[in-house]
Amino acid sequence: MRGNKTFYRWLNRIFWAALTVTVGYSWYYLDTAIPDRISIVQDQKEQFSFPLPINTTLSSESEEVVLGNKSNIPADQITVNGRQPFSMYAENQGSYQVGLKLFGLIKFKDIQVDVVDTRYAVPCGCPIGIYLKSDGIMVIGTGKLTAADGMEVEPAYGILKSGDYIEAFNGKPMNTKEDLMDAVNKTGGEAAVVSVRRGGEQVDVSVNPVKTEDGQYKLGAWVRDDTQGIGTVTYLDLNGNFGALGHGISDSDTGDLVETSKGELYTTQIMGIEKGSIGKPGLLSGVIYYGPGSLMGEINKNTNEGIFGNVNDAFLRQTGMEAMVKGNAEGSGLPEGAMEIACRQEVKPGPATIRSSVSGELRDYDIEIQKVDYNSGHKNKSMVIKVTDPDLIALTGGIVQGMSGSPIIQDGKLAGAVTHVFLQDSTRGYGILIENMLEAAGE
């Protein structure tokens with residue numbers, strides 16, 4: 001008898017545990033499947049279909065956004081069953097809220113509705129050389145020095161920290177590593193005040209430079225004041241502004257996003273392709289040509305969703321995009337290469353293409369969008385993609401470093417950009433939704 005009670009008690013616990021897990025997973029699934037934010041085009045009725053439970057109620061918190069379906073419920077509140085389609089319409093641009101209640105009773109989430117004008121951009125896919133000047137001199141780490149007396153010392157240990165940005169030394173602004181080295185050497189070993197930016201705050205620290213075996217005074221800190229590399233330009237907007245990479249430029253040692261004061265785009269030439277293999281990503285190798293004659297544009301933002309700035313006429317001429325950007329398509333008043341921007345909810349799992357000139361010729365390659373996460377905490381990993389084009393697989397093995405920023409096109413619209421490659425499968429990787437890039441750019 002006692003054994004039966006114990007059995008039923010455990011069975012009851014298992015039941016409630018399973019129910020809790022099921023409810024929790026269902027809640028999580030719905031939260032990720034239903035976007036926190038959507039965009040609709042001004043004066044156009046947009047159709048939607050979400051994986052909603054039975055009798056889910058959507059209500060507009062503003063008279064501006066009109067909801068509708070086949071029911072007779074007023075337009076500011078509708079009930080949707082399962083994947084039944086519904087529509088939204090708004091006349092004026094702006095951001096509004098639509099509330100969602102599960103089963104018409106339980107408040108689940110608010111969806112931000114951005115009403116926007118139809119947006120266009122020219123997909124690029126062109127490789128570019130990138131030079132980024134850090135805003136201050138970045139501290140990578142500290143290390144030991146051999147002093148003039150033969151002793152090993154580490155004068156900056158615990159004083160300067162990885163990720164600090166040195167802005168001034170004894171009150172004098174520092175712009176380059178060379179400026180810092182010269183200022184440190186001139187101290188003669190006396191204590192100095194180093195002004196650093198740490199976590200967005202200004203901090204002054206005191207450090208004693210040490211005379212080393214070569215007779216120079218040093219801090220014992222590894223520093224960097226610039227970053228270079230090769231990436232891909234994703235798009236040009238109709239004002240000559242660009243977005244590239246789809247992810248930020250981070251320091252190779254600290255992993256932190258580089259805080260930049262300025263940057264430039266330069267001519268680059270791809271010299272070779274190293275195919276990816278299991279556990280080792282492939283790589284585009286090339287030469288970046290620096291100098292005034294090779295300047296292609298300026299970088300004014302380095303964000304987690306990409307780098308942004310403006311290109312010059314030299315970029316347009318060299319990439320052959322001058323006619324695409326400046327020439328009007330017949331009767332449209334738009335550049336002939338312009339493509340409509342896809343709203344985030346329009347991007348779906350299914351066939352798509354990426355545009356790249358990795359072969360030396362700009363062309364589109366077939367891919368499959370395998371997954372779209374509209375609410376990803378990492379916006380530059382909001383899509384999972386797989387290269388299916390045999391030509392690209394034969395050429396690169398799939399996605400390689402340097403292809404970050406290659407535009408993703410689906411249903412004739414610019415949908416996003418390639419951002420990362422999977423280490424264990426070079427045909428697969430992540431992508432970013434184009435709306436996430438535009439938001440980071442401030443467009």
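Helices (H or I, at least four residues) and strands (E, at least two) are DSSP runs, numbered from the N terminus. By that count the protein chain has six helices and 31 strands. This is a predicted model, in which local features need pLDDT of at least 70 and side-chain atom pairs count only at pLDDT 80 or more, while totals for chains, interfaces and linings use all residues. Residues are numbered from 1 along each chain as its sequence is written, and side-chain values use heavy atoms, with hydrogens and water left out.

**Overall layout**

- The C-alpha atoms of the protein chain fill a box of roughly 85 × 80 × 45 Å along the principal axes.
- Three domains divide the protein chain: domain 1 (34-116), domain 2 (120-129 + 227-441) and domain 3 (144-219); the bounds come from an automatic or database domain assignment.
- Between the C-alpha centres of domain 1 and domain 3 the distance is 58 Å.
- Of the 443 residues of the protein chain, 47% count as buried, where buried means under 20% relative accessible area, exposed over 50% and partly exposed in between (1.4 Å probe, protein chains only).

**Five-stranded sheet**

- Strands in the order S1-S8-S7-S3-S5 make up an open sheet of five with mixed pairing; two strands pair if DSSP finds at least two bridges between them.
- S1 and strand S5 (77-80) stand at the edges with a single partner strand each, so one side of each has no neighbour in the sheet.
- From one strand to the next the twist averages 30°, based on axes that are lines fitted to C-alpha atoms (for helices over the stretch in contact), with angles from 0 to 180 degrees between N-to-C directions.
- Five bridges join S1 to strand S8 (residues 106-116) in the parallel sense, and Arg37 stands opposite Gln112 in S8.
- Four of the five residues of strand S1 (residues 37-41) are buried, so S1 is largely enclosed by the rest of the structure.
- Strand S3 (residues 56-60) pairs with strand S7 (residues 94-102) in the antiparallel sense over four bridges, and Ser59 stands opposite Gly99 in S7.

**Three-stranded sheet**

- A second open sheet has three strands in the order S2-S6-S4, with antiparallel pairing.
- Its edges are strand S2 (46-48) and strand S4 (66-68), each with a single partner strand, so one side of each is left without a neighbour in the sheet.
- The twist in this sheet averages 25° from one strand to the next.
- S4 pairs with strand S6 (residues 86-89) in the antiparallel sense over three bridges, and the bridge partner of Val66 in S6 is Tyr89.

- Phe15 has its place in helix H1 (residues 2-33) and is partly exposed, with a relative accessible area of 48%.
- Together with Trp16 and Leu19, Phe15 forms a nonpolar patch on the surface, with about 320 Å² of accessible area in total.
- Patches are made of residues with over 30% relative accessible area and no salt bridge, with like charges joined within 9 Å and nonpolar side chains (Val, Leu, Ile, Met, Phe, Trp, Tyr) within 5 Å; accessible areas come from the Shrake-Rupley method with a 1.4 Å probe, and for residues only the protein chains shown count as cover.
- Helix H6 (residues 434-441) is mostly covered, with seven of its eight residues buried; these are Ile434, Glu435, Asn436, Met437, Leu438, Ala440 and Ala441.

**Salt bridges**

- The whole structure holds 17 salt bridges, each a side-chain nitrogen of Lys or Arg within 4 Å of a carboxyl oxygen of Asp or Glu.
- Lys218 and Asp214 meet through their side chains at 3.2 Å, N to O; Lys218 is partly exposed at 32% relative accessibility, and Asp214 is partly exposed at 48%.
- Glu274 and Lys280 form a salt bridge at 3.1 Å, N to O; Glu274 is partly exposed at 34% relative accessibility, and Lys280 is partly exposed at 46%.
- Glu340 and Lys413 form a salt bridge at 3.6 Å, N to O.
- Glu340 lies in strand S24 (residues 339-341) and Lys413 in strand S30 (residues 413-422), so this pair ties together parts that are 73 residues apart in sequence.
- Glu340 is partly exposed, with a relative accessible area of 24%.
- Salt bridges with shared partners join Arg119, Arg344, Lys379, Glu435 and Glu439 into one network.
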